[in-house]
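Open the model in your viewer and keep the selection panel at hand. We will go from stop to stop, with something to select at each one.

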Amino acid sequence: MNDATTPTRTRPFFGMALVNRLCGWWTALVLAFLYLPLALLIAYSFNASRLNVVWEGFTVRWYREMLANEPLIRALKNSVLIAGVTTILSVVIGTTGAWLLHSYRYRFRRLWEALVFVPIAVPEVIMGIGLLILFTAVAPGINGFLDSAFGAANETRFALGFVTTIIAHVTFCFPLVLVAVQARLADLDPAMEEAALDLGATPLVAFWRVIVPCIMPAIISGALMAFTLSMDEVLVTYFVCGPESKTLPLEIYDNVRKGLNPMLNAISAVFVAATAILVVIAERIRRIGR
Amino acid sequence: MNSDPSKPMVELRAVSKRYGDLLAVRDVSLTVRRGEFLTLLGPSGCGKTTLLRMLAGFETPDAGCVLIDAEDVTALPPNRRDVNQVFQSYALFPHLTVEKNIAFGLQMKRLPKAEIAAKVRHAIDLVALQGKEAAMPATLSGGQKQRVALARAIVCEPKVLLLDEPLSALDAKLRGQMQIELKNLQRTLGITFVFVTHAQDEALTMSDRIAVLHRGAIEQLGTADEIYHRPKTRFVAEFIGQANMMTASVRNREGADALLAIGGEFTLRAHVAAIPATAQSVTISIRAEKIQICGDGAAAENSFAAEIEDVLFRGEMLQLTVRTPDGLRFAVVIANTGGARKPHQVGNRVRCVIHRSDIVVVDS
Ligand SMILES: Nc1ncnc2c1ncn2[C@@H]1O[C@H](COP(=O)(O)OP(=O)(O)O)[C@@H](O)[C@H]1O
Ligand SMILES: [Mg+2]
């Protein structure tokens, strides 16, 4: 190296700066592509014009219309109920499943672990049709059993509705909890459970008092993911939900087919905001747990 | 309550444990006396943890049985054994405060709240953790975690306390301090301790008796003094301290003396009683620090001339390698009292003396 390095030294830095700037632009472009539709949707939900294309001033009219729209509100209630029950069941099944896979050495353990993910990987249309076939196939049997158990006069029937929708949602929501919990368990000191047993806890008490608190961040973040997925799901739900358990995304979809309506922008904006909040909370909790 | 003081606190009867093809513990029989500090000492992988886990109930022996306070507990799960363990990783419950960690075992026993509080208080005093009651484990130092783990176990007043390398995560200074504290605690409480370690200094410092393990079997069981000065096997002699191991042929026996020849012409006199009656050839062990180096002393028994071949500075010790004219080498450890005078230098000629009672015959 000679003394003349000073002027040439800026060269590579200049090159790096350019690359950095290009990368920055590229990232911005990708983010814009991802978020522009959402931003427009939210913006137009406050647009006084019936047509999305022209801006005619600020209004909250569409939000008021949305709140007054009874089918929409009913669908929202359905969605929250279904997502809530789905989440609870997913947490129970996912957490105990992860614990069992973690603590016991099963034959074909890898296969079991893979099988859990099939419902997520399979195209939703196929899952939907499959579940529909299953429900229609078992319905007469179950109803026959109900009739014989409670008498033919009983009101309880097995038909497409809340129960089938929740069962369907659980099949693809519990794996999310299971994976989150499993990852956390893999990081857990195996002596933790032994310490509890050693101090006189039964295996059940050890699980409840020591293991569950240790994996709680994973359970909560898994639960939030399950809730969000259940709220958002359209295709499988389309096949398995009955008329009275129609979910919000389905109701929105039906409305869209009748034509775009600013009220739909409003409900979608609420949906986006709620989802975003849940995702942020889930991510926060996952990080705290680290 | 069954607590006949003459009965051992722990008894292992011909216990074996196999993992696949590996016999991790082979036919171990061992008794631990009431109030004894017994150490399982051995290199990593020799089966110490496995043995301890069978006492705690985390592993079931494939053969043999485990008795605690004269009760056969072989089939009892860990939560129904009157035994507590201090884990190598401490395994403190991260979501509970120090106080609640310590109270856990007592809550499992469903003691009244007031009694739990009093016992926890006492345990915290014992391990000197006052002021840390409400701290979360993650905020504690290694030494403090260690104390919580200890308090959590002893507060349950177990019949036996099991400790699996509890000091290995601490730095050297703290480890030395904890060794003394642990021993004092054990004396104060009178609880039987079964302590696992691979560090001989820990074993020698704290134990009433030491069981040296090798490949899943007990090589020798005895006091620190016995293990150190009278190793029974070559493994024990080599594992503990630094020993010169050599094969000697028994030249002749006259009265109380036996003449041992090593290599060709080099001979040492030993107690005839120390040598098996019919043995032609024996393996002997001479501890490095038992070989004395003196200026002259030509007249002493078992004295020989040698040249210093190597000097290693070890702080308070000097580690020498000396070589006799016949080419025999001995490792010698002497106190580093020379200061700046450096009396021992490579190439110096010295006289070495080995006292006859320091020649120990071991099984090979
Ligand atoms: N659960 C297990 N499965 C298979 N092998 C094991 C298991 N636990 C211990 N071993 C093996 O048994 C031997 C003894 O292990 P361990 O008791 O942990 O030794 P130490 O505590 O003395 O280091 C080692 O070779 C170890 O690899
Ligand atoms: Mg070990």
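Which element gives the largest share of the shell around ligand 1? Select α1(B): three residues of the shell come from this helix, the largest share. Helices here are DSSP runs of H or I of at least four residues, strands are runs of E of at least two, and both are numbered from the N terminus.

Before moving on, note that this is a predicted model, where local features need pLDDT of at least 70, side-chain atom pairs count only at pLDDT 80 or more, and totals for chains, interfaces and linings use all residues. Residues are numbered from 1 along each chain as its sequence is written, chains are lettered from A and ligands numbered from 1 in the order in which they are written, and side-chain values use heavy atoms, with hydrogens and water left out.

**Stop 1: ligand 1**

Show the shell around ligand 1: Y19(B), L22(B), A24(B), and then the run P43(B), S44(B), G45(B), C46(B), G47(B), K48(B), T49(B) and T50(B). A residue belongs here if one of its heavy atoms lies within 4 Å of the ligand. Colour chain B by element and you will find that β2 (22–32) and α1 (48–56) each supply at least two of the shell residues. By type, the shell has five nonpolar, five polar and one charged residue. In this sorting Ala, Val, Leu, Ile, Met, Phe, Trp, Tyr, Cys and Pro are nonpolar, Asp, Glu, Lys and Arg are charged, and the others, Gly among them, are polar.

Now draw some distances to oxygen atoms of ligand 1. A polar side-chain atom of T50(B) gives 2.5 Å. The protein covers 58% of the 560 Å² of accessible area that ligand 1 has on its own; areas come from the Shrake-Rupley method with a 1.4 Å probe, and for residues only the protein chains shown count as cover.

Stay on T50(B), which sits in helix α1 of chain B. Is T50(B) buried or exposed? T50(B) is buried, at a relative accessible area of 10%; buried means under 20%, exposed over 50%, and partly exposed in between (1.4 Å probe, protein chains only). Leaving out residues up to four places away in sequence, T50(B) touches K17(B), Y19(B), A24(B) and V25(B). Touching, or contact, means heavy atoms within 4.5 Å.

**Stop 2**

Most residues other than glycine have a negative phi. Select A14(B) in strand β1 (residues 10–19) of chain B: its phi is positive, near 45°. A14(B) is partly exposed, with a relative accessible area of 32%. Next pick D27(B) in strand β2 of chain B, where phi is near 50°. D27(B) is exposed, at 54%.

**Stop 3: helix α2 of chain B**

Select residues 98–108 of chain B, helix α2; eight of its 11 residues are buried, so this helix is largely enclosed by the rest of the structure. The buried ones are V98(B), N101(B), I102(B), A103(B), F104(B), G105(B), L106(B) and M108(B). Bring chain A into view too, as the cover includes α7 (191–198) and α8 (203–232) of chain A, together with α3 (113–126) and α4 (142–154) of chain B. After α2(B) comes R110(B), with a positive phi near 60°.

**Stop 4: the nonpolar cores**

Which residues touch the most other members of the largest nonpolar core? Select L40(B), F93(B), I102(B), F104(B) and L161(B), out of 113 residues in that core. A nonpolar core is a set of buried Ala, Val, Leu, Ile, Met, Phe, Trp, Tyr and Cys residues joined through side-chain atoms within 4.5 Å. A second, separate core has 31 residues, including I286(B), A306(B), L328(B) and V361(B).

**Stop 5: helix α5 of chain B**

Finish at L185(B) in helix α5 (residues 172–189) of chain B, buried at 7% relative accessibility. Apart from neighbours within four places in sequence, L185(B) is in contact with L126(B), L150(B) and I154(B).

Key: A polar contact is a pair of N or O atoms within 3.5 Å; within protein, one must be able to donate a hydrogen and the other to accept it, and residues adjacent in sequence count only if both atoms are side-chain atoms.
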